[in-house]
Amino acid sequence: MSDNKPTLNMEQLASLCKRRGFIFQSSELYGGINGFWDYGPLGVELKRNIKDVWWQDVVQRRDDVVGLDASIIMHPRIWEASGHLEGFSDPMIDCKTCKGRFRADQLEGTACPQKPSKRVGACGGELTEPRQFNLMFKTFVGPVQDDSSTAYLRPETAQGIFAQFDNVLSVSRQKVPFGIAQIGKAFRNEINPRNYTFRSREFEQMELEFFIKPGTDEEWHTYWVKARMDWYTRIGIASEHLSQYVYGPDELAHYASACVDIMYAFPFGVQELEGVAARGNYDLSRHSEFSGKKLEYFDQESNERFIPHVVEPSAGVDRIALAVLCEAYALEWIPKEGTDGERQPTRAGEKVPDGYEERTVLRFAPCVAPIKAAIFPLLKNRPELVKVAQDLYSELKQHYPVFYDQTGAIGRRYRRQDEAGTPFGITVDFETLDNQTVTWRDRDTMSQERIPIGEVAIRLATALQ
Ligand code: GAP
């Protein structure tokens, strides 16, 4: 079947995400709060799966990476050393007419809130000169609110890793090259949160700081760009929707030798999912300078002491979840029950052909799908079918998130699971009672086959590898 991504409409996707419990607006009850999102029952599973697959691949299946869970609020000197206090800002302008506040470097694509057909600046509003606006959220630690108690919600997880480099090195018995990985919340007071969850004020990052010997930067940077590109195809993103943005020498920070952004073709444009940067020894050197403590590595083989360089793959969980949702979302015309015909992608603006109905399906890769399989008795008023289905459900539930549903016509139950992105449907029917087989339905092809009930668990385990 051909790809129907060009027809993907973000409003339709957002409406499905709300209806099926993937993503809700934060504080909706009170009118919402801009730039913050909540993940519902299916969304939280999707995000957990993305984080679990990352953790397995980047930490658990490797010998040279260990994990860390640092605090969100850290000593404020960390943000002086990292340069965030001085330089982590975006240029902002105010409109004196509508009182709106906008990113000065994004005026081109920003509509005037009062005259949405015009962009900010072209609407006749009076704009201020750009001013730098620091993106870190400030708070106070303890009962006194003054300069000495000011602290910040971390704008990235990376600095917690640099600040704990020495402790982790001394307890983990790792040798350079090795990495420290962390998954956690980050906060940025973005001037214009936009594109659904893409640019939020609270989000999660998955960051790896991979410490290397100076001089091996290029080799390790190339290695991690490839490893990270491959990882996206593992979670179901088609390689033709991925691309790389390679920074030119004049775009790199003064301490960096290379940076590549991994980009995804979202419906609102090609945008960054992850940055992979070769940052030299900038971060450890700065923390050494500001803390007065040496952050060095002694290489026993070469008898050398040096500050390790670092390659940093830094990804955003929420952006990846959004890309996975965009990638998975499809509308199809399918023949009605009892009608012959082929499935076909919905053609936007056209009527559903006679004998067909439309289905919405989320084609998640099984490893990230929130529910792995749904178990159905054909009829809810036949206890002998219900018993077999419930026993199978109880068995599978010990190992995987599975769903049991006995309500409504079987076709409608399949449709509900298609919308939730459940890859497999298992139905217990009268033939099951005769020969201990069930139907195994594939979400994407909608094909059904009979398999022995005793093979369901192994079939599922294989599909989820
Ligand atoms: N330590 C490096 C660092 O934080 P970044 O490019 O600023 O680099 C890394 O952020 C990733 O974090 C981005 O590629 C993106 O996926 C995610 N991210 C950054 N700002 C975000 C925001 N406002 N909303 C959602 N995700 C964001």
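Student: Are Y393 and Y404 buried or exposed?

Tutor: Y393 and Y404 are both buried, where buried means under 20% relative accessible area, exposed over 50% and partly exposed in between, with a 1.4 Å probe and protein chains only. This is a predicted model, in which local features need pLDDT of at least 70, side-chain atom pairs count only at pLDDT 80 or more, and totals for chains, interfaces and linings use all residues. Residues are numbered from 1 along each chain as its sequence is written, and side-chain values use heavy atoms, without hydrogens and water.

Student: What describes a pair of aromatic rings?

Tutor: Two quantities do: the distance of the centres and the angle of the planes. Rings of Phe, Tyr and Trp (its six-membered ring) pair if their centres lie within 6.5 Å; planes under 30 degrees apart are stacked, over 60 edge-to-face, and the rest tilted. Here that rule gives 22 aromatic pairs. F162 and F211 are edge-to-face, because their centres are 6.1 Å apart and their planes stand at 80°.

Student: How buried are F162 and F211?

Tutor: F162 has 1% relative accessibility and counts as buried; F211, at 0%, is buried too. Y393 and Y404 make a tilted pair, with 5.7 Å between centres and 40° between planes.

Student: Where does the charged end of R228 sit?

Tutor: Over the ring of W231, 4.5 Å from its centre. The test is that NZ of Lys or CZ of Arg lies within 6 Å of the ring centre and within 35 degrees of the ring normal. Likewise, R319 lies over the face of F198, 3.7 Å from the ring centre.
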